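Hello,

Here is the structure I promised to pass on. My notes on what turned up follow below.

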Amino acid sequence: MEAVMSATMTGLIGIAVMLLLFATRMPVAFVMGLVGFVGFSVLTSVQSGLNMLSRSMYEVFVSYDLTTIPLFVLMGQLAFNAGVSRRLFTTAYHFFGHVRGGMAMATVSACTAFGAICGSSPATAATMATVAIPEMKRFGYRDRLASGAVAAGGGLGMVMPPSVVLIVYGVLTEQSIGQLFVSGVLPAFMLTGLFLCAIAVTCFRHPEFGPPAEHFPWKVRLRSLTGLIDTVLIFSVVLTGLFRGWFTPTEAASVGAFSVLVLGVARRQLGPKLIMKSLEETLRTSCMVLFLVAGAVVFGKFLAVTRIPFTTATFIGGLDMPPIVVMGLIVGIYFVAGCFMDSLAMVMLTVPVFFPVVMNLGFDPIWFGIIIVMVTEMGVITPPVGINVYVVYGVTTAMKQSISLESIFRGIYPFLVATMVGVALLCLFPQIVTYLPSKM
């Protein structure tokens with residue numbers, strides 16, 4: 001009994017130390033790896049800790065499943081440098097620009113489409129901030145609506161496949177990444193619709209926030225649909241291949257990246273310099289994500305030795321409450337934690353704790369994965385750590401568009417409410433998530 005208490009206390013001390021180190025702005029991956037290694041060594045031995053550290057790092061960086069991450073990141077970088085994001089925004093602007101808040105609606109729609117070939121929330125937000133914010137400001141949009149639409153719309157890249165968070169969730173829980181990708185399609189479109197409603201309500205209450213822009217005839221609108229050809233073609237190939245079982249998620253990522261490369265070169269929009277730039281950005285982003293995964297794996301091994309996940313799962317699972325109420329508590333914990341932690345790090349730290357609880361309660365693991373992504377999507381825009389907000393702030397500052405952090409944070413609240421409504425709808429109607437995977 002004393003040994004169990006000692007291990008649990010060591011785990012709690014390790015978690016407290018980790019949170020303190022987070023406050024020093026030390027890289028999250030290094031913090032999790034360091035605390036995990038030291039804590040594991042304290043509970044076992046230094047030699048065991050070194051063996052665990054080397055084995056965990058090696059297994060992450062040679063993992064076949066995780067090769068989907070750099071391939072999908074490469075696909076997004078190639079698409080951005082080929083001008084796909086600008087064409088998506090232009091098409092959406094032709095259809096929505098003439099209504100109040102229409103350019104913000106066009107931005108959200110373009111974020112959804114770009115997320116289908118990117119998979120990274122901050123990358124989507126940064127890309128659309130560069131394209132959309134100068135245009136919205138030119139037409140007199142208030143900073144709150146313009147920046148809030150970009151920051152929140154960027155989060156759609158987490159839900160729409162291919163999603164880096166879904167890949168990591170699938171690896172951690174040993175679920176089919178292909179099924180997770182397919183299950184995210186309908187929730188992503190549902191959330192997009194809720195965001196459009198949030199913009200409409202905001203502009204109904206404050207018409208000056210989003211004045212209407214140019215009205216295009218249907219002939220021009222239909223002609224603008226050519227800007228969707230690349231995205232629709234690539235997304236259809238990747239998703240159809242997964243849905244039909246023609247190739248694995250890793251093979252789908254390679255097919256998608258190669259398709260973007262071929263289309264970009266054929267259109268003469270990707271030259272050697274832009275291809276090299278895409279490779280450099282892919283290397284930087286992929287290393288960051290893989291080191292995060294490795295650090296989380298090391299920290300997870302430490303938590304497993306402390307038995308904290310098992311104790312927590314037993315406690316929450318033993319609560320005399322209906323399963324849906326327990327799920328509500330778990331979602332609330334994710335929401336609060338998302339205000340203070342990076343979304344990817346939070347998923348990697350908490351999924352090993354809550355996944356056994358959710359399975360014991362009888363919930364579908366694929367459905368739970370989408371719920372987790374939806375809740376962590378709120379985390380990328382909530383203060384004080386909302387990464388997408390800081391991305392938009394950094395991009396607008398670099399472009400000398402001068403939007404304050406306060407304005408961006410105030411602008412995300414309608415979208416935050418819309419996301420909460422989306423989570424509630426998925427809890428009430430889980431078929432939104434499970435219908436497409438059931439047809440695979």
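Start with helix H10, residues 164-173. Eight of its ten residues are buried, so the helix is largely enclosed by the rest of the structure. Bear in mind that this is a predicted model.

The buried residues of H10 are Val164, Val165, Leu166, Ile167, Val168, Tyr169, Gly170 and Thr173. What covers them? Among the elements that do are helix H4 (68-81), helix H9 (156-159) and helix H11 (177-183). Helix H16 (272-306), helix H19 (343-360) and helix H20 (365-379) also take part.

At its start, a side-chain oxygen of serine 163 comes to within 3.4 Å of the backbone nitrogen of valine 165. Just after H10 comes glutamate 174, with a positive phi of about 60 degrees. Glutamate 174 sits in the loop between H10 and H11. Its relative accessibility is 73%, so it counts as exposed.

Most residues other than glycine have a negative phi. Arginine 268 also has a positive one, near 60 degrees. It lies in the loop between helix H15 (249-266) and H16. Arginine 268 counts as exposed, because its relative accessibility is 80%.

Next, a helix pair. The axes of helix H18 (residues 323-338) and H20 come within 8 Å and cross at roughly 35 degrees. The crossing is right-handed. From H18, the contact includes Met327, Ile330 and Tyr334. From H20, it includes Trp367, Phe368 and Ile371. By class, the contact has eleven nonpolar residues, three polar and no charged ones.

Best wishes

Conventions
Residues numbered from 1 in each chain as written. Predicted model: local features only at pLDDT ≥ 70, side-chain atom pairs only at ≥ 80, totals over all residues. Heavy atoms only, no water. Buried < 20%, exposed > 50% of the residue type's maximum accessible area, 1.4 Å probe, protein only. Helix = DSSP H or I, 4+ residues; strand = E, 2+ residues; numbered from the N terminus. Contact = heavy atoms within 4.5 Å. Polar contact = N/O pair within 3.5 Å; in protein donor to acceptor, adjacent residues only side chain to side chain. Axes fitted to C-alpha atoms, helices over the stretch in contact; angles between N-to-C directions. Left-handed = near helix turned anticlockwise from the far one by under 90°. Nonpolar A, V, L, I, M, F, W, Y, C, P; charged D, E, K, R; others polar.
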